[in-house]
Amino acid sequence: MTQGCLKVMTAGQAISRFLQDGDCIAMGGFVTNRRPYVFAREIVRQGKRGLYLEGGPSAGDMDMLIGAGCVSVMIASYVANSGYTQVCRRFRHAVETGAILFDDYSLDVQTIAYHGAALGLPYVPVKNMLGSDLCNLWGISEEERAKRPKLPQKKFVIREDPFNPESLLCLIPTPKIDVALVHAQIASPDGTFRIAGPQFQDLDIAIAAKHTLVSCEELVPDDEIRKNPELNTCTGLCVDAVVHAPYGAHPTQCFGKYDYDSSFLTEYDRASRTQGEFDQFVCKYVTRLKTHEEYLSFLGENRLSNLRIDEEYGFRRGLKRK
Amino acid sequence: MEFTPNQMMAVALARLVEDGKAYIVGTGLPLVGATLAKNTHAPNARLIFETALFEGSPPEVPTSVSDLRVNYGATVLWPQYRYFGFQSIYAARGLIAGGFLGGAQIDPYGNLNSTSIGSYFSPETRLSGSGGANGIATYCDTFIIMKHEKRRFAEKIDYVTSIGWGDGPGGRSKAGLDPSKGPRAVVTEMGVMRFDGKSKRMYIAEYFPGRSPQEIQNSTGFFIDGSRAFESEPPSADVLDVLLNQVDPMRLMI
């Protein structure tokens with residue numbers, strides 16, 4: 001945790017200060033909704049290496065980190081830009097060629113493991129995964145885990161319920177997250193942030209992580225955000241960096257603000273088919289553009305304003321989606 | 001009346017939905033089927049999403065379970081962990097009538113693979129993974145949507161992502177799971193399969209107009225009993241009209 005208004009900085013400063021090669025990172029949002037793309041793009045620009053991704057409902061942002069060579073380990077339940085790319089392609093290629101270490105959980109198990117981590121618990125007992133290959137096959141073996149102290153040293157342990165010996169339970173270790181990346185609608189300089197609409201797993205990873213970096217659509221004064229604490233999601237005590245980044249979740253959706261950018265997601269679907277086209281895509285939209293502001297001006301006001309939601313519906317009515 | 005195989009599937013899925021009951025739905029055809037049901041015979045069916053976004057009535061087809069379109073008319077937008085508790089508690093109390101699942105491979109006992117083809121450790125094809133499917137199969141009755149091909153309906157599947165009836169009678173108890181829950185129906189472009197109460201094996205319950213039990217057997221990689229099969233009712237003109245002009249006019253899914 002960093003002091004007061006010293007927390008306001010650029011995405012570049014936040015990533016270079018708080019995210020180290022080899023860290024375990026978790027990202028907020030859900031597949032094509034409120035993913036913290038502004039940070040993902042910055043991680044690619046800075047060429048971070050050896051990251052361990054705690055995936056949950058992960059998507060194109062993590063796929064981009066894999067394609068850019070930033071990742072060596074991932075634990076996830078789903079990696080998709082749903083509706084555009086059913087299995088993210090750089091992820092798929094990396095798993096099929098063994099380029100990254102990968103293990104599977106189910107989505108609700110990861111959800112509850114992040115919640116357990118936010119409660120300070122060492123593990124969570126669940127029924128999920130029993131009787132399936134999620135409980136038979138370890139994508140990352142115990143020997144591999146032993147070489148990597150940041151990883152849980154076992155995928156799971158099956159035990160009888162001590163209070164009900166007839167019943168089996170699958171014990172899931174809670175992850176030790178180094179850095180959580182979250183995009184919120186509103187934040188203030190002391191780190192307090194407010195997510196409007198679905199929260200997904202964001203508060204849990206923000207509480208659990210050693211460092212939490214927040215990007216926001218609107219940066220408002222501390223006394224302003226404190227006028228309505230009942231609407232706030234997280235105390236700044238859990239937050240290290242606040243980045244003012246309108247459209248920071250582009251190309252994904254942001255409740256109350258904008259819809260997904262279908263043509264961008266379609267372009268990524270095509271480009272991510274091969275490493276060569278992916279590299280060109282990343283150059284065009286990420287590395288060539290040095291800051292978030294450059295990214296936005298490259299996309300252009302017209303393209304972005306066409307994504308603004310219709311207030312009455314909460315999404316862009318009639319948005320071209322194919 | 002003309003209709004495509006996908007449209008017939010959506011209609012068959014809608015017929016599984018009962019008015020007033022709650023269902024866990026994903027995107028794609030299940031959501032189209034459930035939305036069709038809500039706009040025809042089951043206006044009070046409640047749709048639950050694994051994102052913990054509850055009971056919305058999307059006016060346009062959502063492309064994911066987190067799509068802003070899912071929030072429209074919703075009762076609560078809970079944090080995601082709330083779905084976990086709701087699913088296990090309310091499925092056990094019988095208040096979730098079922099969850100819809102898809103997969104790449106299925107075996108005669110309804111065990112499903114949505115993880116990988118070939119060896120798990122060096123897959124020929126890596127698929128999407130469990131998402132919320134494993135949890136739904138753990139706690140709830142399920143309705144499964146599949147493409148009907150011999151290589152997909154296999155005696156032995158490459159990876160069990162979501163348990164069905166396990167290895168047959170008693171299979172779920174052995175795994176530590178509620179034996180009263182499990183797969184109820186499999187809907188494909190050819191018909192509707194169900195599971196025998198005793199043997200827990202899949203059988204043909206219905207074949208769609210223009211299909212036959214023999215055609216289904218020819219597209220199934222294990223023996224499948226067709227002795228109880230009957231031909232499904234074709235969709236009515238009214239239902240097709242709602243499907244094509246109201247539920248998915250952009251033809252995103254059908």
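Entry 1. Terms first. I take a cavity to be a set of grid points where a 1.4 Å probe fits but cannot get out, and lining residues are those with an atom within 4 Å of a point. I also note that this is a predicted model.

Entry 2. How many cavities of 30 Å³ or more are there? I find four by this rule. The largest cavity holds about 60 Å³ of space.

Entry 3. I listed the lining of the largest cavity. It consists of A:Glu54, A:Ile75, A:Tyr105, A:Gln110, A:Ala113, A:Tyr114, A:Pro152, A:Ile172, A:Pro173 and A:Pro175. Two elements of chain A give two or more residues to this lining, namely α5 (107–118) and β9 (164–173). The largest share, three residues, comes from α5(A). I sorted the lining residues by type and got eight nonpolar, one polar and one charged.

Entry 4. I went on to the second largest cavity, which has about 40 Å³ of space. Which residues line the second largest cavity? I read off B:Leu31, B:Val32, B:Thr35, B:Pro58, B:Glu60, B:Val61, B:Pro62 and B:Val247. Helix α2 (residues 29–38) of chain B gives the largest share of this lining, three residues. By type, the lining of the second largest cavity has six nonpolar residues, one polar and one charged.

Entry 5. Next I turned to the open spaces. The largest pocket has a volume of about 1600 Å³. It is lined by 48 residues, and the closest to its centre are A:Gln86, B:Thr27, B:Gly28, B:Leu29 and B:Gly102.

Entry 6. Which elements each supply at least two residues of the lining of the largest pocket? From chain A I noted α4 (89–96), and from chain B I noted α1 (5–16), α2, β5 (96–102) and α4 (133–139). The largest share, three residues, comes from β5(B). The lining of the largest pocket divides into 21 nonpolar, 19 polar and eight charged residues.

Entry 7. The second largest pocket contains about 350 Å³ of space. Of the 19 residues that line this pocket, the closest to its centre are A:Gly131, B:Asn111, B:Val160, B:Gly166 and B:Asp167. I counted its lining by type as seven nonpolar, five polar and seven charged.

Entry 8. I then looked up chain A as a whole. Chain A has 12 helices and 13 strands. Its C-alpha atoms fill a box of roughly 60 × 50 × 40 Å along the principal axes.

Entry 9. Why did I check the radius of gyration of chain A? A compact globule with 322 residues would have a value near 20 Å, and chain A has 19 Å, so the two agree.

Entry 10. I checked burial and surface. Of the 322 residues in chain A, 61% are buried, where buried means under 20% relative accessible area. Chain A exposes about 12000 Å², and carbon and sulfur atoms supply 53% of that area.

Entry 11. Last, I looked at contacts along the sequence. I took the contacts in chain A between residues at least 6 apart in sequence, and 71% of these join residues at least 24 apart.

How values were computed:
Residues numbered from 1 in each chain as written. Chains lettered and ligands numbered in written order. Predicted model: local features only at pLDDT ≥ 70, side-chain atom pairs only at ≥ 80, totals over all residues. Heavy atoms only, no water. 1 Å grid on protein atoms, 1.4 Å probe; cavity = no way out; pocket = protein on both sides within 12 Å on 5 of 7 lines; lining within 4 Å. Points joined across faces, edges and corners; volume = space filled by probe spheres on them. Helix = DSSP H or I, 4+ residues; strand = E, 2+ residues; numbered from the N terminus. Nonpolar A, V, L, I, M, F, W, Y, C, P; charged D, E, K, R; others polar. Rg over C-alpha atoms; globule rule 2.2 N^0.38 Å. Buried < 20%, exposed > 50% of the residue type's maximum accessible area, 1.4 Å probe, protein only. Contact = heavy atoms within 4.5 Å. Areas by Shrake-Rupley, 256 points an atom, 1.4 Å probe, with all protein chains shown as cover.
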